[in-house]
Amino acid sequence: MYGMLLESVQHFVQLEYGEFVWRQALLTTGCKNTVFNTHQLYPDSLIPDLAAALSAITGKPIDEFMIFFGRCFVRFFSNFGYDELIKATGRYFCDFLHSVDNIHLQMRFTYRKMKSPSMQLTEVDERGAVLVYRSTRSGFSKYLRGQLLEIAKQLYGMDVSIKVLESQNDNPGGTSGPISIQGGLKTVIVKYRLDFDNRDYMERRVHIKAHPSQLQLPTVDSMVLLNLFPFALILNEEMKITAVGEKLIESWMLNNANRSPIELIGAKVTEHFKLRRPSGITFTWENIKNLQTVLFEIQLLKGSSAKGSKEPPKAIELPSQESSSQVVAKNPVDDASKQLTSMPRRGSQGLRSILLKGEMRYIKDINSLVFLCSPLIQNLEELREMGLYLNDLNPHGLSREMVFQGFQHYSRLDLMCERAEQRTEELETSLVLADSWKRQGDELLYSMIPRSIAERLREGQNPHDTCQTFEEVTVLFAEVQETITGDDSIKYAMTTVNTLNAAFSAFDELIQSPMAYKVETVGKVYMAVSGAPDINPFHAQHMADLALEMLKSIRELNLPGVGVKIGFHSGSIVAGIVGLKVPRYCLFGDTVNTASRMESSGETDRIQVSGYTAEKLKKLHYALTYRGKVAVKGKGEMETFWLEGTPESKQ
């Protein structure tokens, strides 16, 4: 899908739910993008994934968010002027529903890789209509419902109620239809009943009566239509071809060498032509008759194997009727084939298959469908590849002008497209770099400030408001001890740096948020806390586990003459952000001083804890040994213990 859909979701989620909820949704889905490019392609799964994430965050149903996303898209594309395009399709909501496939068809010129669904009205009455939706994506039927509700409300000023009559292969939360046994994707088909006030449309468009002057028109020969539309087809109720335009006969002969054009008459239309658009429907009388305002694309099959008769069929005589303008259907092949069979036939090798575009019109007088069409050709190169010439195209309309315009602007458009694609690639590269820089910046920020505090500062909270009091935490200090000395001060300093880097890196790997948070390192001392900035009722237990792992990691490093003194204590603290240039998360209080004394008065490769903390650990069955009383500055003598092991080590 194109980024425009995701832009609409991002804009309105941020507007209605806030930046924090949107960031949480992106984090939940694992989406790395913070900005979406309008013309860039993204995975189809992002829309339902974001709906599921927002549902988990807010507690609202996923379907409600999919409908909300559909409404968001309609509100958003009004900024691009697409609302004017929709309103220009007709003055009634039904006019838009009839034309939605044509709008998607035209949008392919702007969004060339767009995979649009197909939608057709099958029933229309004064109380509403029945809409059939077909798509290769599943899970987007609720998204469409939101679009229809918003278009009706915003552009046509009416309330619409929508209910599902039938549904096939529409898996909630999916992005592609299920796989069929024969291979490929099954088509998602959903039939909706749309209830709204449709009386004006029915009165002015459906139940309109013919003007008296039209009832006096004389009979018109079918050849008039076929002369005006030399690529036209006339089909009867059995979907058999009863008449063909002269230029279409010639094109068929170019693609079917050594065969007679009379094989077309009386043959099933599907034997010689393939319905390309609207997609997902079968080429039947009822389906085509109900879609008279939809643009059809029908492809002439190359080397088709029609089972028509070898003898020229008789002219089809239909009874005349005393109604409005009458059309007498005759077989144009009787005359045209006499001329065309004597023409030198060009080989079909290398010819491009012709694609015909137009409308299917039902003519009541002869009970037939007439495909009023012209070849879909963009430039002179395609014209040559199809074996056609300019004078073969319809004498009316804009077919010839479009070919000329395509020729004149082809190189310019190609250049513009190349520049646009190059610019898009540059923007994509810039976005990737920006995301990479942002991640690096976030990692650097989180190394100085806890993530929860940083998120609050991003939302505009004053740094002074981050100061908090914590009733009880456990603070740990660990000092790396070295017994090796030397006369070369520079060499000794380098050895110290390498030793500290190895030790502190090993400690960093043991820190797991929110169980523990690394506060800072000062010289050879490593400081950590459990219970802040994220409140943790098991702070003493987690800090004891961390201290034991630290001691184990130093031993595993097997650095000659290197050990570690560790001490920790529990109590209340005050914590907050200090500084502007290089802000740090700092801890204050008597608990910090006491924990520092537990480390400084300890012994190498041992863990000393205060009596207060030891009582907590005893209840958890940690292995502790009474050391005795230790003089602590400002506190006098305190009972301390050695932490020997985990509860499992005692068993």
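Okay, let's start with a cluster of charges: E16, R71, R75 and E150 are tied together in a network of salt bridges. Keep in mind that this is a predicted model.

How covered are the two partners?

Searching the whole structure turns up 20 salt bridges. Two others I'd like to show you are towards the end of the numbering.

One of them joins D590 and K635, at 3.0 Å from N to O. D590 belongs to helix α20, while K635 sits in the loop between β19 and β20, so the bridge ties together parts 45 residues apart in sequence. D590 is partly exposed at 41%, and K635 is partly exposed too, at 39%.

The other is E644 with R606, with 2.7 Å between the closest N and O atoms. Here strand β20 provides E644 and strand β18 provides R606, 38 residues apart. Relative accessibility is 40% for E644 and 28% for R606, so both count as partly exposed.

Back to α20 for a second, residues 590-600. Which residues are buried there? T591, V592, T594, A595, M598 and E599. They span an arc of only 165 degrees around the axis, so they're on the same side of α20.

Now the nonpolar side of things. Nonpolar side chains in soluble globular proteins tend to be buried together. In this model, the largest nonpolar core has 66 residues, and among those with the most contacts inside it are I47, F69, F93 and F96. Helix α4 gives the most to this core, ten residues. F96, leaving out residues up to four places away in sequence, touches I86, T89, I103, L148, I151 and Y156.

V220 itself, in strand β5, is partly exposed at 31%.

Last stop, S251 in helix α11. Buried or exposed? S251 is buried, at 2% relative accessible area. Beyond its neighbours within four places in sequence, S251 contacts F231, L300, I354 and L388.

For the overall picture: 651 residues, 46% of them buried, with 22 helices and 20 strands.

Key
Residues are numbered from 1 along each chain as its sequence is written. This is a predicted model: local features need pLDDT of at least 70, side-chain atom pairs count only at pLDDT 80 or more; totals for chains, interfaces and linings use all residues. Side-chain values use heavy atoms; hydrogens and water are left out. Helices (H or I, at least four residues) and strands (E, at least two) are DSSP runs, numbered from the N terminus. Buried means under 20% relative accessible area, exposed over 50%, partly exposed in between (1.4 Å probe, protein chains only). The arc is that of the directions from the helix axis to the C-beta atoms. A nonpolar core is a set of buried Ala, Val, Leu, Ile, Met, Phe, Trp, Tyr and Cys residues joined through side-chain atoms within 4.5 Å. Contact means heavy atoms within 4.5 Å. A salt bridge is a side-chain nitrogen of Lys or Arg within 4 Å of a carboxyl oxygen of Asp or Glu.
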